[in-house]
Amino acid sequence: MGCPEVLLRCTMHCHRALFKRGLPRCSSMYRQLQPDLQTYHSLPPVPNKCYYHQLQAWRRPFHVAATCRSREVEFTSLQYDVQRLAFASVTKEDLKFFEHLLPGRVVTDPDVLEASNVDWMRTLRGHSQTLLRPRTTEEISQILRYCYNRNLAVNPQGGNTGLVGGSVPVFDEIIVSTAQMNNIISFNKNAGVLICQAGCILENLNNYLTEQDFIMPLDLGSKGSCHIGGNVATNAGGLRLLRYGSLRGTVLGLEVVLADGTVLNCLTSLRKDNTGYDLKQLFIGSEGTLGIITAVSILCPRKPASVNVVLLGKGKNIIIFTENVWEFVLICGYAEIVSNSMIISKSYNVSLYGSGLRVYRT
């Protein structure tokens, strides 16, 4: 099989894959390869050692498929027919202020901004033209104070792993990323309290705590890229919720910058604090609408000595749900819903006839 035939077949597979995802197909690739395929058959045969060089020359059409997908995400403002509020637009004077405050950490390149403008599900898209990367709480305070006085819209962004589009702009809001706020401030082994900046990646925190014989109280599928500040802002649950509770119970304190630049320091490490209002609860699950979380104080449990796996569900060779089983579920470490068609183990001939609950006990 020659090089054009291989490429044409690969293009057909790409065509089918895009069709299954509901994406527009790149028919221009067919128009490019079909005439070339006819021309190729009319050429004399060449030795096998020349196929590699031909393949390099015929690889260019694949760039069409790579760039096609990034242009398919429609602007959120057009999808939902929403109107931009009376916010000011970013000017050159604004960019000069940000460059002076954050030297080398102001992004205006459209290619770099593309990843921050599109959500993880690739269904929503903004058209922000400015991305700021502060490193300290004071820098975020100055940014928000300036934007508040200038009436500039701001969109906080962590790891951009959310599934509801709350981390991407709708219009041309200024994106304030916490990606470079990734320092661990302190960890008290006696109390098991970790204090860190909001941009710390969840998996990195868990790896750090594992060395100290502790673990994070939450675990997510996106732990390799999500930020702890975003987890708190969305009140993420995760696989360990049944065992260690929600973030409303494990988060001991927060440091938050309000919209006008005021720094609200509630970064306490006390497990019992009955003084005054529990203001941190307002920001847990607020998704950045009330302020930007810059630091988190969180209670971390001990690392379990061992892990056992138990499968619960309905059907043949499966444990039947009883009251005692539900009592067991309440002390488990992980819980995951399994689809009714999933086969757990072919060697033991175990399968689910109905929806089940897979539980990891610690």
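This is a predicted model: local features need pLDDT of at least 70, side-chain atom pairs count only at pLDDT 80 or more; totals for chains, interfaces and linings use all residues.
Two strands are said to pair if DSSP finds at least two bridges between them.

Strand E7, residues 251-258, and strand E9, residues 291-299, run antiparallel and are joined by 7 bridges. Within this pairing, Leu254 has Val296 of E9 as its bridge partner.

These two strands belong to an open sheet of 5 strands, with antiparallel pairing and the order E5-E6-E9-E7-E8. Strand E5 (184-188) and strand E8 (263-266) stand at the edges; each has a single partner strand, so one side of each is left without a neighbour in the sheet. From one strand to the next, the twist averages 10°. Helix H8, residues 137-150, lies across E7, E8 and E9, and runs at about 40° to E7.

Gln197 is found in strand E6, which spans residues 193-197. Is Gln197 buried or exposed? Its relative accessibility is 10%, so Gln197 counts as buried, the cut-off being under 20%. Leaving aside residues up to four places away in sequence, Gln197 touches several others, including Arg135, Thr136, Ile228, Thr294 and Ala295.

Val164, by contrast, is exposed, with a relative accessible area of 65%. Val164 lies in the loop between strand E3 (154-157) and strand E4 (174-177). Together with Trp120, Met121 and Leu163, Val164 forms a nonpolar patch on the surface, and the four have about 480 Å² of accessible area together.

Thank you for your attention.

How values were computed
Residues are numbered from 1 along each chain as its sequence is written. Side-chain values use heavy atoms; hydrogens and water are left out. Helices (H or I, at least four residues) and strands (E, at least two) are DSSP runs, numbered from the N terminus. Axes are lines fitted to C-alpha atoms, for helices over the stretch in contact, and angles run from 0 to 180 degrees between N-to-C directions. Contact means heavy atoms within 4.5 Å. Patches are made of residues with over 30% relative accessible area and no salt bridge: like charges are joined within 9 Å, nonpolar side chains (Val, Leu, Ile, Met, Phe, Trp, Tyr) within 5 Å. Accessible areas come from the Shrake-Rupley method with a 1.4 Å probe; for residues, only the protein chains shown count as cover. A salt bridge is a side-chain nitrogen of Lys or Arg within 4 Å of a carboxyl oxygen of Asp or Glu. Buried means under 20% relative accessible area, exposed over 50%, partly exposed in between (1.4 Å probe, protein chains only).
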